[in-house]
Amino acid sequence: QVQLVESGGGLVQPGGSLRLHCAASGSIFSIYAMGWYRQAPGKQRVLVATVTSSGSTTYTDSVKGRFTISRDNAKNTVYLQMNSLKPEDTAVYYCNADLQTTDWSRKDYWGQGTQVTVSS
């Protein structure tokens, strides 16, 4: 069994910052890419940022220069530092991990989601 548990969401004013945190636990052999997705009301879930096990990152254009993804491989944890937040960043944010379990099965796992609301 594998669990991804997110934390760090909340309500913030425009221009503010939040830091999301996601920890993976369970029968994990190796974690490849980790990432954050978001889903706004009435919209599809979309990719925000990813980070590989070697630290290479990608970002969707709308968050470049404002968000930073990072990970701690020793703790099976991924972070998303979000600065200069805008109302359009409001969404449920989901953590994702492409990982291999100890029974050699490899697939994507998802967290339960954490709400981020940017509003004055």
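## Ground rules

Strands here are DSSP runs of E with at least two residues, and helices are H or I runs of at least four, all numbered from the N terminus. The model is predicted, so to speak of local features pLDDT must be at least 70, side-chain atom pairs count only at pLDDT 80 or more, and totals for chains, interfaces and linings use all residues. Residues are numbered from 1 along each chain as its sequence is written, and side-chain values use heavy atoms, leaving out hydrogens and water.

## Val5 on strand β1

Val5 has its place in strand β1. With 42% relative accessibility, Val5 counts as partly exposed; the bands are under 20% relative accessible area for buried, over 50% for exposed, and partly exposed in between, using a 1.4 Å probe and protein chains only.

Apart from neighbours within four places in sequence, Val5 is in contact with His21, Cys22, Ala23 and Gln112, where contact means heavy atoms within 4.5 Å. Tyr94 is 89 residues from Val5 in sequence, yet the C-alpha to C-alpha separation is 9.5 Å.

## The disulfide

The cut-off for calling a disulfide is two cysteine sulfur atoms within 2.5 Å, and the structure holds one. Since Cys22 is in strand β3 and Cys95 in strand β9, the pair ties together parts that are 73 residues apart in sequence.

The torsion about the S-S bond is -80°, a left-handed link. Cys22 counts as buried at 0% relative accessibility, and Cys95 is buried at 0% too.

## The nonpolar core

The largest nonpolar core has 29 residues, and Trp36, Leu80, Met82 and Tyr93 are those with the most contacts inside it. To qualify, Ala, Val, Leu, Ile, Met, Phe, Trp, Tyr and Cys residues must be buried and joined through side-chain atoms within 4.5 Å. Strands that each supply at least two residues include β1 (2–7), β4 (28–39) and β8 (77–82), while β9 gives the largest share, five residues. In soluble globular proteins, nonpolar side chains tend to be buried together.

For a closer look, take Leu80: beyond its neighbours within four places in sequence, its contacts include Leu18, Leu20, Trp36, Val48, Phe67, Ile69 and Tyr93.

## Arg38, a buried arginine

Arg38 is found in strand β4 and counts as buried at 11% relative accessibility. Its side chain makes a polar contact of 2.8 Å with that of Tyr93 and another of 3.4 Å with that of Ser62. A polar contact is a pair of N or O atoms within 3.5 Å; within protein, one must be able to donate a hydrogen and the other to accept it, and residues adjacent in sequence count only if both atoms are side-chain atoms.

Leaving out neighbours within four places, the contacts of Arg38 also include Glu88 and Asp89.

## Rings and charges

The whole structure has two aromatic pairs, meaning Phe, Tyr or Trp rings (the six-membered one for Trp) with centres within 6.5 Å; planes under 30 degrees apart are stacked, over 60 edge-to-face, and the rest tilted. Tyr37 and Trp110 have ring centres 4.9 Å apart and planes at 65°, so the pair is edge-to-face. Tyr37 is in strand β4 and Trp110 in strand β10, 73 residues apart. Both are partly exposed, Tyr37 at 21% and Trp110 at 37%.

Two arginines sit over rings as well: Arg19 lies over the face of Tyr79, 4.4 Å from the ring centre, and the charged end of Arg106 is over Tyr32, 3.7 Å from the centre. That requires NZ of Lys or CZ of Arg within 6 Å of the ring centre and within 35 degrees of the ring normal.
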